[in-house]
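Please consider the structure shown below, together with its ligand. The paragraphs that follow lead through the pocket and then through the surroundings of the ligand.

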Amino acid sequence: MQSDQTSTRVAVIGAGNVGGRLARALTRAGHRVNVGAREPARAAGLASEGIAVTDPATAAEGSDVIVLAVPVPALVDAVSSLGPLQGKILVDASNAVGIPIPEGHDTVGAYVAELAPGTFVVKAFNAIGAEHLEDGAVGGSPAFLPIAGADEGRPTVAALGRSIGFEVADLGGPEYIGMVEDAARLWIHLALHRGWGRDFGFGVLRP
Ligand SMILES: NC(=O)c1ccc[n+]([C@@H]2O[C@H](COP(=O)([O-])OP(=O)(O)OC[C@H]3O[C@@H](n4cnc5c(N)ncnc54)[C@H](OP(=O)(O)O)[C@@H]3O)[C@@H](O)[C@H]2O)c1
């Protein structure tokens, strides 16, 4: 774990491409991770690596930060399966790929905030391919991780991102969540529609 980090209790909801890799990375960085899966037995691979896997409500109950790593259409069910969420930091890692943003909202993050009132929603971990979430780097260089959302949640989420190797860019409050979702659209466009493939991330150059 990097020296500026403390151990955070994190629930990762969803044990797929994103959830599994984030769970591994955060565990390796010294955080206390609990994966919440609808069918914990199907996440036996993570459990065999020593990562706790429970039902989503149990995972959420013992955590300060909850990462939603589920498809956008599953968000409503996933959030409602988590039990009381008041005061928790809720990280939305989802992207509306090939589907519209839920009606009545400018961003998926705003939709999540409406689904979970009383939480501190931060958009993060969505603007890079899942395979690069495991160590926060591409080709040995830190990858760019934009985040935006609630003031009360961003410092903790930024620290989580840095702890797994990312170069975190804190874009600001909820009004900047759309910018983070645009960054994901840019990555997806290049990867899937412009022939770049998935093996890249964005980085920051400094003199
Ligand atoms: N793939 C990427 O490169 C990437 C990168 C950044 C962000 N994202 C975004 O991250 C999210 C997850 O993507 P993914 O690639 O990890 O998808 P995935 O591999 O299909 O995994 C989705 C996970 O969500 C779980 N899930 C579905 N409904 C649920 C519910 N109601 N409660 C709890 N868990 C539920 C699934 O569990 P079951 O096994 O029970 O169905 C599965 O483990 C998506 O919104 C995606 O847009 C993806």
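Predicted model: local features only at pLDDT ≥ 70, side-chain atom pairs only at ≥ 80, totals over all residues.

In what follows, Ala, Val, Leu, Ile, Met, Phe, Trp, Tyr, Cys and Pro count as nonpolar, Asp, Glu, Lys and Arg as charged, and the others, Gly among them, as polar. On this basis, the lining of the largest pocket divides into 23 nonpolar, 9 polar and 6 charged residues.

The volume of the largest pocket is about 960 Å³. Its lining is made up of 38 residues, of which Gly16, Asn17, Ala69, Val70 and Pro71 are the closest to the centre of the pocket. The elements that give two or more residues to this lining are H1, H4 and helix H7, which spans residues 177-193. Among the contributors, H7 gives the most, with 4 residues.

The shell itself may be considered next. There are 24 residues around the ligand, and Val18, Arg38, Val70, Ala130 and Arg198 come nearest. By class, the residues of the shell divide into 13 nonpolar, 7 polar and 4 charged. Val70, one of the residues that come nearest to the ligand, is also among the residues closest to the centre of the largest pocket.

A polar side-chain atom of Arg38 lies 2.6 Å from a ligand oxygen atom. For Arg42, an N or O atom of the side chain is 3.0 Å from an oxygen atom of the ligand. Asn95 takes part through its backbone, where an N or O atom lies 3.1 Å from a ligand oxygen atom. Taken alone, the ligand exposes 900 Å², and the protein buries 79% of that area.

Technical notes: Residues numbered from 1 in each chain as written. Heavy atoms only, no water. Near = heavy atom within 4 Å. Polar contact = N/O pair within 3.5 Å; in protein donor to acceptor, adjacent residues only side chain to side chain. Areas by Shrake-Rupley, 256 points an atom, 1.4 Å probe, with all protein chains shown as cover. 1 Å grid on protein atoms, 1.4 Å probe; cavity = no way out; pocket = protein on both sides within 12 Å on 5 of 7 lines; lining within 4 Å. Points joined across faces, edges and corners; volume = space filled by probe spheres on them.
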